[in-house]
Amino acid sequence: MQHKLSDLPTRIFWVVAPLVTALLFTSALLLIVGAPPLQAIWEIINGALESPQKWADVMTAWVPLALVGAGMSVTFAAGLWNIGAEGQIILGAIFATWIARNIELPQLPLLFLIVIAGILGGVLWGLLTGFLKVYARVHEIFAGLGLNFIATALIIWLIFNPWKPARGATMSGTEPFPVTAWIPRLGSTRLPPLAVILAAICVVAAYLMLNGSRFGLELRAMGKNMRAAFLQGIPTQRHMLLAFIICGGMAGLAGALQATAVYHRLIPRISGGFGYTGMLVVLLAGYKPEFVPLVALFFAAIGVGSPRLELNMQLDASLGGVLEGSVVLFVLLGAGLRQRLNHNTRTALETEE
Amino acid sequence: MHIELQNIHKYFGVIKANYGVSLTLRPGHIHGLLGENGAGKTTLMKILSGYQSKDRGEILIDGHPNEFKSPAEAIRVGIGMLHQDPLDFPPMTALENFMLGFDQRLMPDQQAGRQQMLELAERFNFSVDPDTPVEYLTVGERQQLEISRLLALGVEVIILDEPTTGISAPQKVLLFKTLKHLAYEENKSVVFVSHKLEEVESLCDEITVLRRGEVQGHQDMPVPIEELVRLMFGQSVAMPAKTTIELGNIVLKVTDLTIQSEKFTIENANLETRAGEVIGFAGMEGSGQALFLRSIAGLQSVKQGEVFLGGKSLTGQSYRQFMAQGISLLPADRIDEGLVKGLSIAEHFPLRRETPFVIDWDENQTYTQEQIDFFNIKGRPETLVDSLSGGNQQRVLLALQQPALKVLILEHPTRGLDIESARWVWEQLLKRREKGTTILFTSADLDEIMTYSDRVVVFFSGKMIPPISVDELSVEELGYMIGGKQKE
């Protein structure tokens, strides 16, 4: 009977209503600053979709968002508030860069090695959070936050010290990698098809694992009630570490791809904030990997489209961020409201002895 | 204060929890509300105490319709409820809990609160120390605390939902004395929700019986027990009798077990059990029996001593290894420890069965349906376990156990269950016993211990009294031992 209120029109309503509200909210903000909302929204849409070049940019931004979203859907399923993806992306990029700078191999094996190294970098950082959580009882939010700061400091130090270009260190990063360490792009666009394929594989894998495997079911049980899951005989500590490893691996892969496919070098802002935006993606996707690709596409499009606001309307591009943030807030608000309306139906049965 | 519930309706989805229930509560009376699990007693009382909303019907207070949307509003009107599981704040002290809700200023007056709490404690002979954190109190003490709190808030109607589960015999005596005092000396209206007939018989002035959300009858006490049973179940049900079997070899051996807890140390506890043997663990809540059994389950670390299963030492192994070798525990807290809230019945089976890494959900669905039919669980495979009643939760927990367990440990196997489910649980346990499983269980119900145990172990303040054969023991003697005395 928990499905009673979830017939199709109702479900569509709860998806559409928060989006419309978020648009209205952003429009109201625009009106306050004296800009025409419709034009602004049109600029964003147009900026994201006007040319194949832009579509390629959207897909390029989609890759890290989908990867982080898929990874975090795994840790969230296990009830872990893993916010360390930002640091895991950075470590992935750093590890990938080390290979690209130090190993000489033909293109294919080199790229393979770079990708593996990136995954390992993310795994290492994720595992550190996991160790702190499991063995030192540091809450994963604080462990993740701390490690994000350390990762940021580490990348800056690397770019400005051991890895600084011969002409001097700048915010524009290291020397470009040798061409053999570049993941090929599609034609004249910035889009690396291989990266898209890898991200898609990760999303599908996360979905299959959570919904089809015993391990995934056990993670979900942990997310519902860690203590009861333990008493059911699930090795909760080991599974927590595994969840961090999986999420770290996917975020690390995102970092490696950013370095080797998008920028062809290590830059201080290599993560592009995708570790944080990815959190919004997974929140909006309701922690479900199957919804991650679509939500990631939406966020990627806003990200690519909003710089247009600066160009054509002299508005700050961060308006795109406002739109993203308000969508997430209104969706969460809608979910809360919906739960409130369903509350009696849901909880009452359990209270009846 | 005169209260009338008129034609109350409450639906949970398609289930009618309350269907046109009417009930009158008069001051100076103890009103028993009876019914088996899922009969709608708790729902009705939660509606009266503002904890849940009603779908239809009216609540008249001294003849005036009244609507309250929260427990706080109900308390302001004068209606307070003691929930089945204490809704308090374990890390806070008794005094802090006591003062919750009635001193709304920024800096509550601790002195006045303490004064009032001690006065109430003296008036009713309660034994709660204001400065003890609630987590160290027994269930009975937490109850006393909550009664004091509601009285301090000035309630005129006090509702108690299954208040005797988990409290000791002396605490029960005190509780009944308190309730009688409240009704007859202070002219309050007391509602006693229970399915324990003896208690209702000894305490209540009038009773209302609910069944499947409807009132089956309202009568003034005394009413013959057979009549109550007929009203509750439609027919009378007998508990299954213990079958006599030949006990097998020694399965479990515990030697010199020493367990340290915050309150006491259990020292050098020894136990040997045979295949098919049932051992009941009696004692006041928190006397050490739970710690002892949890250490046998591999959940509690021990200071010294060993646990042998089939002659093999399990010392130093993990809970999962204990489990893998055939020891299983069914916790008293079925929904917070036993089952995983938020997962469906079907999703529980792959956690416990031999399942390949990739789950065959179709096969699992079929298997779950078979188990549901076999164990007579009221639910569908996709029903979330949290929406099951206590009896059905226990059925799911038993369905999850491997068939060939060596040792099955149960904490309060029938606590909070209706007679039908309790009967069913013991039928299952007796079947397992016949197949050679050793059964260790705790219970606050001495009749249950006497009926089903081969031998009884009593714990008192962390001291284990070695097992006594049930043939050499009477309920009375057992009662004395639980209280730490020997009957002359």
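**Salt bridges first**

I started with Glu218(A), which counts as buried because its relative accessible area is 8%, and the cut-off for buried is under 20%. I keep in mind that this is a predicted model. I then looked for a partner and found that Glu218(A) makes a salt bridge with Arg214(A), at 3.1 Å from N to O. The two residues sit four apart in helix α8 (residues 214–224) of chain A, so about one helical turn separates them.

Next I ran the search over the whole structure, and it gave 24 salt bridges over all chains.

I picked out Glu199(B) and Lys172(B), whose closest N and O atoms are 3.0 Å apart in a salt bridge. This pair links distant parts of the chain, with Glu199(B) in helix α7 of chain B and Lys172(B) in helix α6 (residues 169–184) of chain B, 27 residues apart. Are the two partners buried or partly exposed? Glu199(B) is buried at 5% relative accessibility, while Lys172(B) is partly exposed at 28%.

Then I checked Arg455(B) and Glu277(B), a salt bridge with its closest N and O atoms 2.6 Å apart. Here the partners are 178 residues apart in the chain: Arg455(B) is in strand β19 (residues 455–460) of chain B, and Glu277(B) is in the loop between β12 (265–274) and β13 (278–282) of chain B. Glu277(B) is buried, with a relative accessible area of 3%.

I also noted a network of salt bridges that links Arg227(A), Arg294(B), Glu337(B) and Glu411(B).

**Patches on the surface**

Glu201(B) belongs to helix α7 (residues 197–203) of chain B, and I wrote it down as partly exposed because its relative accessibility is 42%.

On chain A I found a nonpolar surface patch with about 700 Å² of accessible area together; its residues include Leu8(A), Ile12(A) and Phe298(A). Which helix gives the most to the nonpolar patch? I got helix α1 (residues 8–32) of chain A, with seven residues. Val20(A) is in that patch and lies in helix α1; at 42% relative accessible area, Val20(A) is partly exposed.

I compared the span of helix α12 (residues 292–305) of chain A with what is expected: its 14 residues reach 20 Å from first C-alpha to last, close to the expected 20 Å. Among its buried residues I listed Val292(A), Phe299(A) and Gly305(A).

Helix α9 (residues 289–296) of chain B is mostly covered, with seven of its eight residues buried.

I found a cis peptide bond from Met221(B) to Pro222(B), with omega near 0 degrees. Pro222(B) is in the loop between β10 (214–220) and α8 (225–233) of chain B.

I also looked up positive phi values outside glycine. Gln314(A) has one near 55 degrees; it sits in the loop between α13 (307–313) and α14 (319–351) of chain A and is exposed at 65%. Asn7(B) has one near 50 degrees, but its place is in strand β1 (residues 3–12) of chain B, and at 37% Asn7(B) is partly exposed.

Terms used:
Residues numbered from 1 in each chain as written. Chains lettered and ligands numbered in written order. Predicted model: local features only at pLDDT ≥ 70, side-chain atom pairs only at ≥ 80, totals over all residues. Heavy atoms only, no water. Buried < 20%, exposed > 50% of the residue type's maximum accessible area, 1.4 Å probe, protein only. Expected span 1.5 Å × (residues − 1). Patch = residues over 30% accessible without salt bridge, like charges linked within 9 Å, V, L, I, M, F, W, Y side chains within 5 Å. Areas by Shrake-Rupley, 256 points an atom, 1.4 Å probe, with all protein chains shown as cover. Salt bridge = Lys/Arg side-chain N within 4 Å of Asp/Glu carboxyl O.
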